[in-house]
Amino acid sequence: METSIWRALLYLVGIMAFAGLNAAYLGWCERKGAARIQRRIGPCEAGYAGLLQPLADGLKLMSKQLLVPDGVDGIIFRVAPVLAMIPAITSMVVIPFSENIGARAMELSVLLLFALASISMIAILLGGWASGNKYAVISAARSVSQNLAYEIPMLITVITVVLISGSLNLREIAIDQQGGFWHWNIFRLENGHFLTMWISFIIFFICSVAETNRAPFDMAEAESELVAGFMTEYGSMGFGLFMMGEYLNIVVGACLTATLFLGGWDCPFGKTPGVWWFLIKIYILIFTFIWIRWTYPRTQIYRLLNLSWKILIPFSLINLLITAALIKVF
Amino acid sequence: MQALVCQPTAAPALFSAEGAVGVIFLLTVALVVTGALIAVNANRLVRAVAGLAVCFTGLAGVYYFLLSPFLAMMQMLIYVGAVSILIAFGIMMATPEEQQTTGMKHRSILAGPLAFSVGALIFAALTVLGLKTQWQVFPRQGAFDIKAVGMSLLTTHSLVFELISIVLLMAIIGALVLAQRGRN
């Protein structure tokens, strides 16, 4: 069964469907959430509570002309949105949704996720540059310096988790945390890891908000300063693919956070572990992403970089040292 | 997974598992060659960097075929994720757009043939070396283990490890010196 072609096809279709549904309906969730936070109603015309809105948006985007403006770098301009979308879907291959649901339980899956994340960084860089627009180039430069800065503390905090679990395999990291919330990496009782791991969790979460270019760190797409950043020149489905890529990156970030720190598919009380707990966890995390976006104003680029280089990196290094010491001492 | 010791035999059928693997291998090699050609022949610097990134991605695929997934991931993470992006970043930050060309248009006539012959020589030498050497086949030691990589890095290959740290130290000092000079 492990190598059957049907299994591969099933996972292919399943992951595509999961990715597509999330990309479409997170847009709706975001608009509804934003509306509630700002005391508005949000989409309400298309279908019950605006539930058909993503469908309408998708049809509209797909029926519009794929406009390629004069003076852009044609090939790179067309390739960039696709490059933004592919790594996000590919990452889902290694995510363990539950004990028995997961396309590939690969060794090194944590590394694979970060390797793929670097491709979406290239997509933003190339998309911004190929547009030949000053705002887009500024946005690409900002977004790359931001992503590089936040990748370092993120990787360092991931090392703490890897040290504790002794594996780079997401599935094994999740299995290692089974049996109630006191086994989860964030509250882990053994070896006194609960002393430092919540700091790791906070650093990791801040970094994943920054890595997905979400407010308050959406320097790349600062509407009030840079029109729409690297997406300024994109219309129709080119823009659509960038948006879907952004939402899928949020989903992947939430899945990674849930697996690394919150026990994956484990039930908090150790009773009924399963895929539903995983989904509950990731949607709570995604809601937090939306909540943060519509609650905090945008920061400035130098503050953003200072936060990473002067606060997060030193803290994550100290955290790593303490975690290693705790493992060695106990 | 016994690809390490395979002797050239009859080509497998296209629609078997081995055939599919072979096609994928050819695709990765094509990726490397295409990326390299783009990197060398592109007129705009950013395109050349994009070609370089494609070439690195293909190389990661080749490492994966050589049963070294760790190296493949590191290739993606470091060369695609950091090196190419830093080069592109440097180009975008440092030079105005009119100068962002590779200077391919006004080069000497000799440059192409000369570069080609040097490349062909190196390729021929490596091919001869690869075919003449009696390769010692190391058996694969169990499943992939990150622990084994760490252990060998700190025991058998500790010199490399120390050298890496010296290189990093020099890089940091160099960056500090450059930044200080820029400030004055």
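Reader: How many residues of chain A are in contact with how many residues of chain B?
Author: This is a predicted model, in which local features need pLDDT of at least 70 and side-chain atom pairs count only at pLDDT 80 or more, while totals for chains, interfaces and linings use all residues. Residues are numbered from 1 along each chain as its sequence is written, chains are lettered from A and ligands numbered from 1 in the order in which they are written, and side-chain values use heavy atoms, with hydrogens and water left out. If contact is taken to mean heavy atoms within 4.5 Å, the two sides consist of 25 residues of chain A and 23 residues of chain B.

Reader: Which helix gives the most residues to the side of chain A that touches chain B?
Author: Helices here are DSSP runs (H or I, at least four residues), numbered from the N terminus. Helix H3 (74-91), helix H4 (109-130) and helix H5 (134-165) of chain A each supply at least two residues of this side. With 11 residues, the helix that gives the most is H4(A).

Reader: How many salt bridges does the rule find across the interface of chain A and chain B?
Author: A salt bridge is counted when a side-chain nitrogen of Lys or Arg lies within 4 Å of a carboxyl oxygen of Asp or Glu. The search of the whole structure finds two over all chains, and one of them joins the side chains of Glu30(A) and Arg293(A) at 3.8 Å, N to O. That pair links helix H1 (residues 5-37) and helix H10 (residues 275-295) of chain A, its members being 263 residues apart. Across the interface of chain A and chain B, however, the number of salt bridges found is zero.

Reader: What is the volume of the largest cavity?
Author: On a 1 Å grid over the protein atoms alone, a cavity is a set of points where a 1.4 Å probe fits but cannot get out, and its lining residues have an atom within 4 Å of a point. Grid points are joined across faces, edges and corners, and a volume is the space filled by probe spheres set on the points. The whole structure holds three cavities of 30 Å³ or more, and the largest of them has a volume of about 480 Å³.

Reader: Which helix supplies the largest share of the lining of the largest cavity?
Author: The lining has 28 residues, and those closest to the centre of the cavity are Ala117(A), Ser120(A), Glu211(A), Thr212(A) and Asn249(A). Residues come, at least two from each, from H3, H4, H5, helix H7 (194-211) and helix H9 (236-261) of chain A. The largest share, eight residues, is that of H9(A).

Reader: Which elements give two or more residues to the lining of the second largest cavity?
Author: This cavity has a volume of about 50 Å³. Among its lining residues are Ile122(A) and Leu125(A) as well as Val49(B) and Ser84(B). The elements that give two or more residues are H4 of chain A together with helix H2 (45-65) and helix H3 (69-94) of chain B.

Terms used
On a 1 Å grid over the protein atoms alone, a cavity is a set of points where a 1.4 Å probe fits but cannot get out, and a pocket is an open set with protein on both sides within 12 Å along at least five of seven lines; lining residues have an atom within 4 Å of a point.
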